[in-house]
Every structure is written in structure tokens, then in C-alpha cells.
Amino acid sequence: MSVQIKANVKQVSVSASQGTAREHSVYCDRPEAKGGSNKGAMGGELFLMGLGGCFMSNLLAAVQAREVDVSDLNIELNATLEEAPPHFSAVELTITGNYPDKNTMQKLVTIADRGCIVANTIKSSVKLTFTIA
């Protein structure tokens, strides 16, 4: 069974756009140094935030479903940007927070990884690494 998920992106200025999904919106723009007006993150940055947000959502669901004492989670995403054509070749997600032990956290990360739509979509194109710090 497939499900359709919709979003919309519209131009709001010479260099900026506004993306909308359901009742939520975000601005996308270039920094002034690249000819933009810096009204929002660049598309590549939004891509990384989307990956991090999708993964975090699944991680929090795994934590809640298993009633594990985990708090203060943070995900830092570091991406390798290649040129000609510009693309990310690798992304490392470093996960920090308070958790009972590394083995439990690794199980939760594996569960979240399996459920993350964005991670599952890009895995065949980008080297994706999860590190628990």
C-alpha cells in the first residue's frame, strides 16, 4: 500500500521560497554571500534538518514505545559536499543525550533507522553513518 504525502513550495521573493506541508511552513533562501537575502536555510541545509527531524521522530517513538529512560537527545549532522554536480556523498549523524547504556541506545538507533523515511530514501545514494556519543 502506498500513501501520498504532499508539500508545496512557492516563490516569496527574488531569492526565497516558502515550503508548506499541512499547516507548517519554512523558508528557503541563499545566504547574502551567494546572492540571496538569508530569509531561511539553504535547500541542502533543509535536507539535513529533514533527515535529522525524521530520524529524531522515529528515535523518540522507539524510546516512548519501550519506556526507556532517555532524555536530552541531540543529533548533529555532518555532511560531505561534493562538486560537479553538487551533492552530498556522506552524512554522519552523531547522537548525544542521556541514556541508560550504549547497547540499549544502539538498539533504539537501529529501530529508528529502519523507520526513518528520509534515511531509507537516501541510503542507496549517500553513505549514511550513525554514531552514538
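## Helices on a sheet

Helix α2 lies across β4, β5 and β6, running at about 150° to β6. Helix α1 also lies across β4, β5 and β6, at about 145° to β4. Helices (H or I, at least four residues) and strands (E, at least two) are DSSP runs numbered from the N terminus. Axes are lines fitted to C-alpha atoms, for helices over the stretch in contact, and angles run from 0 to 180 degrees between N-to-C directions.

This is a predicted model, where local features need pLDDT of at least 70, side-chain atom pairs count only at pLDDT 80 or more, and totals for chains, interfaces and linings use all residues. Residues are numbered from 1 along each chain as its sequence is written, and side-chain values use heavy atoms, leaving out hydrogens and water.

## The sheet itself

The open sheet has 3 strands in the order β4-β5-β6, with mixed pairing (two strands pair if DSSP finds at least two bridges between them). Since β4 (71–82) and β6 (127–132) stand at the edges with a single partner strand each, one side of each is left without a neighbour in the sheet. From one strand to the next, the twist averages 15°.

Strands β5 (residues 87–98) and β6 run parallel and are joined by 6 bridges. Look for A90, which stands opposite K127 in β6.

## Where the helices meet

The axes of α1 (residues 43–66) and α2 (residues 102–115) come within 8 Å and cross at roughly 125°. Residues in this contact (heavy atoms within 4.5 Å) include F55 and L59 of α1 and M105 and L108 of α2.
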